[in-house]
Amino acid sequence: MAFREEDLISYKELELLELPPNCWNVRVIRWPCVLLCNELLLALSQALELAEAPDSWIWLKISQSEYRRCAVIEAYDCIRYLLLSVVKYGSEENSIVGKFFNEVDGHIQIGKFAENYNICLLPKIHSKVIQLVELLRKPRKDERETVDVLQALYELCVRGFPKLKRSIPELRNDGLASQRETELLFENSVQFPDAEDEFFNRQLRRVHTILTSRDSMHDVPKNIEARRRIAFFSNSLFMNMPRAPNVEKMMAFSVLTPYYDEEVCFGKENLRTPNEDGISILFYLQKIYEDEWRNFMERMKREGMEDEDDVWDKKSRELRLWASYRGQTLSRTVRGMMYYYRALKMLAYLDSASEVDIRAGTQEIASHHSSRRNNRQLGDGHEYGSALMKFTYVVACQVYGQHKAKGDPRAEEILHLMKNNEALRVAYVDEVHLGRDEVEYYSVLVKYDQEQQREVEVYRVRLPGPLKLGEGKPENQNHAFIFTRGDAVQTIDMNQDNYFEEALKMRNLLEEFKVHYGIRRPTILGVRENIFTGSVSSLAWFMSAQETSFVTLGQRVLANPLKIRMHYGHPDVFDRFWFMPRGGVSKASRLINISEDIFAGFNCTLRGGNVTHHEYIQVGKGRDVGLNQISMFEAKVASGNGEQILSRDVYRLGHRLDFFRMLSFYYTTVGFFFNTMVVVLTVYSFLWGRLYLALSGIEGYAMETSKNNKAFGVILNQQFFLQIGLFTAFPMVVENSLEHGFLPAVWDFLTMQLQLASVFYTFSMGTRAHFFGRTILHGGAKYRATGRGFVVQHKSFAENYRLYSRSHFVKAIELGVILIVYAAHSPMAQDSFVYLAMTLSSWFLVLSWIMAPFVFNPSGFDWLKTVYDFEDFLNWIWYKGGVFTKAEHSWETWWYEEQDHLRTTGLWGKLLEIILDLRYFMFQYGVVYQLNITGGKTSISVYLLSWIYMIAVMGIYVVMMYAQERFAAKEHIKYRLTQLVVISMTVLVLTLLLDLTSFTLLDLVSSMLAFVPTGWGLISIALVLRPFLESTVVWDTVVSLARIYDLLFGVIVMAPVALLSWLPGFQAMQTRILFNEAFSRGLQISRILSGKKTN
């Protein structure tokens, strides 16, 4: 079976799950052992209960279960065959055995079995038969013991079992006793089967399982993925699907996969080399897929490996493939898609083979030899040709030619994939240099010729110029699309997988193109996806659950009844002839088509196509499993949706769709992201509004004149409990209810909340809102390579700060400052309960945006790592860098890169950015009038005079920076003297203010909350005006001040992380939250994180 090939099940589980061929003269269907478990013992107990009843009653009771009836008949037939095989053919004992069973058969046929035999002896006979089978299963068989058991069986069955006792002469007359007086029965008539006869031994193990299994086998197979696949395949057979035609009459199809430079197959060094935490990829996989590793080693030992250490030398290729099939590699995708080819070969054989051929070839067909062995398991006849005519797999390896020229190992791995998969073709772009400046570009299709034992060209098509004019991925798909064949093409991404049992249903799916859905036939067939990366990390589980609800429930409803499903991912099947003359399956314009998938759906709908969705077939899909990967993916999608708003496709759809379809279209594309942005803006509006009411005195006045404002304020805030991302999970609960039942869905939901799923979804909401809003304001969307590796290593604080500083940290700090200022100056906030009730959800938002990157970071609250991270952060902040310095090494390089979108934005974008930045001055404007030094004055002159404070602070900062730059290196005394003078003047001014005015120390703290945001506002506006300021003296001050602000933000974010790292127990709790799913599977995550490889 394919499950055994993929190491999902062991050889023992394979025997329990397989439907064996009919043999040993068994008269019924030989169901898998997993279905017959305990059935024989239950039948035996039922027979004992009805020992005095007629045969018909006993048999009626047993036959109420089809599996029980088959287990009884199979056990009886197998025991008869086994005894006749073990006792020498032609011997007197063989004749006695045969006549005994004939006599029993005769009584059964006339319904007199219970009347003539003592049913109470059946348990003793059962135990002796088990004893005999166990003796025969031993590698070294003891003839003496076997003879003793056979003699005991003879005494029980012939002498004790019949109710009517017969004498020896009578038994001899009936042929049930030996004619010999001197020799004991069975002494010289036992013949053991050949110990190397694997088929006989396999049947013997099956008989032993049926005879002895007492417990139910609900845990077979043990592997969660194998159980899920069996359950889905079984359920899908009861769904409505078209009837499959013969392979020769089915629609031909191709599969297309774009590939750039991702991992093809893990190398030995990649698997062995530990990361900075001391964990190698292989060690990680061995712990995460512990049962699959055991199954792999079992398979290797059957294939000739003697010692486990030999796996690195004798079985290194198999080891590398085993690891690659558990990552998101090209090898995994190719193996999955080539199941189509193997399934078609098998189906073509079954279409034409006679019943005799099928029986003879059952073992060969069921074995499914591994594709890497390259044997055509059904011969080189018409099955091989039929499969090749109906299926082609094209991988668009854009830079394969460059890899070959450089001797890149990935080129060798791709060649190896072609060598072991006959239906695989590789398309790439070849650059031919003719002269100094002349370059010709060709789209080339190659395959591996088995006869010539080398790579050969199939087609070479000249291109008018360089391939990559627009976005890389759609360009890669478009240049290879011409090499696909057949009526349909399935687009598969690099992070996808397929299953053999699902490939069997591809003929049925392709028949959907002939069925009318509404007034038209489909032009895109939507296919269900299974997210296979959610099994270990809680974070991966959240992402997987959210994604699953969209690719199942969401797309099902969009297709029917809403009729507005687009193309959201890569497993969909396209009508190739319909799309070829209509622009292909991808649009590739730079920036605007960064989310290229959805534009195929737009194009289809605008041109009168029809998109459907089908649930009876599924394709595997990998998702990002680390928070940084997930955030980059969501940033890419949100930016892509921002670009979609500007596209002519969305404009035309908005004009041409009817009202109801337009609403559905809005919600499932740009509207989802727009609504997310509106939710975040609403939180901002609410908090800024409350702050204005508090600082302006309106709130205090309202409290004095009305008694109901407290209750009104609390009620007003409750709506935000529904807007913090918690109910993003609602579709997931509905989908889980449909798939697994209501109670399991509720339990999963509660478990996710305990694992801080709300924190994750709230954080994701911030990611989407930030990048969607920024793209609308300034454009500048870009493709973000998320990486598809295994995420168990700790991410440094500096890396998290670079990723989330502008999108989350700065915004969270801004909201936190608003909440603190509101708490200090609002009359309503004096009541702690009212303040908490009003701002609870807002504080949750702030904490989620600040803490999520550390809660979901492995070893995020490890004290030593926190200390090292802060040192690394300080080094990054203060490192000046140079022209070629990367952003991960220097704050200055990162800071300039982070502002790139402001350089390309238009006039309106800059104007709106400045208007938005003016909000930071609101703090100063409001708080200044609350200071004691103002004496309650409300004149505008108070606000204008407050700018003296800003000018003084800026002056002090400039003097200090100038002194440091001028004197710190060589004239250290002057530098210290300058510091002394500045500090003395500052202390003197503060002392005079405290003595001569009503200025207090509380005013000093309040003014910090007022003027720090003002400085950030000035820096933000200076960034917009960078073209005018960059050449002036002011710019150096802006850069220097921005560095100090980023250092301040870093310290604010690091403070709670350091506190939780210092407190005992939080590290263990965080590990439990992050890897709860793994703990429930009994995995040693602590060993993975610590890298302790010793037992």
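Here is a walk through this structure, from the whole chain down to a few single residues.

What you're looking at is a predicted model, in which local features need pLDDT of at least 70, side-chain atom pairs count only at pLDDT 80 or more, and totals for chains, interfaces and linings use all residues. Residues are numbered from 1 along each chain as its sequence is written, and side-chain values use heavy atoms, with hydrogens and water left out.

Let's start with the whole chain. Its secondary structure comes to 52 helices and 10 strands; both are DSSP runs numbered from the N terminus, helices being H or I with at least four residues and strands E with at least two. Along its principal axes, the C-alpha trace spans about 135 × 75 × 65 Å. Of the 1095 residues, 54% are buried, where buried means under 20% relative accessible area, exposed over 50%, and partly exposed in between (1.4 Å probe, protein chains only). Then there are the contacts, meaning heavy atoms within 4.5 Å. Among those with a separation of 6 or more, 78% are between residues 24 or more positions apart.

Now for a pair of helices. Two packed helices are described by the angle between their axes and the distance between the axes. Take helix 38 (residues 797–825) and helix 47 (residues 1001–1024): their axes come within 11 Å and cross at roughly 150 degrees. Those axes are lines fitted to C-alpha atoms, for helices over the stretch in contact, with angles running from 0 to 180 degrees between N-to-C directions. Which residues meet here? From helix 38 come Arg806, Val810, Val817, Ile820, Val821 and His825, and from helix 47 come Ser1006, Leu1009 and Trp1016. By class, this contact has 6 nonpolar, 2 polar and 1 charged residues. Here Ala, Val, Leu, Ile, Met, Phe, Trp, Tyr, Cys and Pro count as nonpolar, Asp, Glu, Lys and Arg as charged, and the others, Gly among them, as polar.

Most residues other than glycine have a negative phi, and most peptide bonds are trans. Asp7, in the loop between helix 1 (2–5) and helix 2 (11–17), has a positive phi, near 65 degrees. Asn25, in the loop between helix 2 and helix 3 (33–36), also has a positive phi, near 60 degrees. Buried or exposed? Asp7 is buried, with a relative accessible area of 1%, while Asn25 counts as exposed at 61%. As for the peptide bonds, a cis one joins Asn560 and Pro561, with omega about 20 degrees. Look for Pro561 in the loop between helix 26 (538–559) and strand 9 (573–575).

Two more residues are worth a stop. Thr484 lies in the loop between helix 23 (472–481) and strand 6 (488–491), and it counts as buried at 2% relative accessibility. A polar atom of the Thr484 side chain lies 2.7 Å from the backbone oxygen of Phe481. Leaving out residues up to four places away in sequence, Thr484 touches Ser254, Leu256, Val394, Val489 and Arg576.

Finally, there's Ala852 in helix 39 (residues 832–855), buried with a relative accessible area of 0%. Setting aside neighbours within four places in sequence, Ala852 is in contact with Leu627, Val759, Phe763 and Leu847.

How values were computed: A polar contact is a pair of N or O atoms within 3.5 Å; within protein, one must be able to donate a hydrogen and the other to accept it, and residues adjacent in sequence count only if both atoms are side-chain atoms.
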